[in-house]
Amino acid sequence: MQGLPPLSDAFENWISWLRHEKKVSPHTLEAYERDVRDFLSFITGHIAKEPDLQNLEALRAADFRAYLAYRRNEGLSASSLRRVLSSIRSFYKRQERDEYIHNPYLKTIRTPKAGVKLPRPISAQDTRNLLDSIQETTEPHWIQNRDAAVLTLLYGCGLRIGEALSLNYGDIPTSDILTLVGKGNKERMVPVLPAVREALNLYTNQCPYPLTGKGPLFVGRRGKRLSARVIQLKMQSLRRNLNLPETATPHALRHSFATHLLEGGGDLRSIQELLGHASLSSTQRYTDLDMEKLLAVYDKAHPKT
């Protein structure tokens, strides 16, 4: 173990290593630097003096846990705590590589588990408003009808955006069932509502490009297969006009499909099949959402709350 440099020098060397050798993004560099500065500030209060490298080597698992608990109490999410721990580990890793210090206790700290994000569907009324408002744009009629057909398909059949845009013209359902290949090359069948068929017919009848059996069903302005980005930007424009939250994305229409079915009495197994989920646990997130809604109503309405 060689002579220890001042902590400030070790810190600057670490920053330089991240920037020039690891070539982390400016955003990551800023976050890592902030995380370790915050950690050192906490340790200063924790040991009642400004730490040096020797002090950092002497920290035990309980000291690291105390810092994570402190940040958790400040309201940091599990994912942010994961990044904080990663930043601290990166700093220590560099000091070990330089053979300045070695702290085995840091490696024993469990990484906080990221919380499960609940789906954020759009309400039934907002979904109706959103689909109706497509025709109010200044785009050519065939593009208005194309966008309406895509979004109606996402909501009416619960498709992922990638699944909808990978459909070929020959995949248009001739009955009430649409067969498609979804995630993991798994084939599934979904029922098609009359409103979806009507939206598809309106679009295909007005599309100025020839649509052929093995060619794309949805095309862009130049007649090539439509990009998901076009639909994402359309949703961004619509949600701003309607003052909807940022979570109102094309994928939120799939969440809305599942949530509204569940609210209407649909059973979980059927919804799992319709969504093409390999595991029932993925579909059960919607029941968590339903419970969250019930608890919100309870908190608002129950006289004892």
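**Strand 1.** I started with strand 1, residues 177-181, in this predicted model. Leu-178 and Leu-180 sit on its covered face, while Ile-177, Thr-179 and Val-181 are on the uncovered one.

Next I looked up what strand 1 pairs with: strand 2 (residues 187-191), antiparallel, over five bridges. Val-181 has Glu-187 in strand 2 as its bridge partner. Five residues lie between the strands of this hairpin, and Gly-184 there takes a positive phi near 70°.

**Helix 12.** Which residues of helix 12 (residues 268-275) are buried? I found Leu-268, Ile-271, Gln-272, Leu-274 and Leu-275. At the N-terminal end I noted a cap: a side-chain oxygen of Asp-267 lies 3.3 Å from the backbone nitrogen of Arg-269. Just after the helix comes Gly-276, with a positive phi of about 75°.

**Aromatics.** I got 12 aromatic pairs for the structure. Phe-39 and Phe-64 are stacked, 6.0 Å centre to centre with 15° between the planes. Phe-39 is in helix 2 and Phe-64 in helix 4, 25 residues apart. Both are buried.

Then I checked Trp-142 and Tyr-209, an edge-to-face pair with 75° between the planes. Trp-142 lies in helix 7 and Tyr-209 in the loop between helix 9 and helix 10, so the pair ties together parts 67 residues apart in sequence. Buried or partly exposed? Trp-142 is buried at 12% relative accessible area, whereas Tyr-209 is partly exposed at 29%.

Definitions and conventions. Residues numbered from 1 in each chain as written. Predicted model: local features only at pLDDT ≥ 70, side-chain atom pairs only at ≥ 80, totals over all residues. Heavy atoms only, no water. Buried < 20%, exposed > 50% of the residue type's maximum accessible area, 1.4 Å probe, protein only. Helix = DSSP H or I, 4+ residues; strand = E, 2+ residues; numbered from the N terminus. Pairing = 2+ DSSP bridges. Polar contact = N/O pair within 3.5 Å; in protein donor to acceptor, adjacent residues only side chain to side chain. Phe/Tyr/Trp six-rings, centres within 6.5 Å; stacked < 30°, edge-to-face > 60°.
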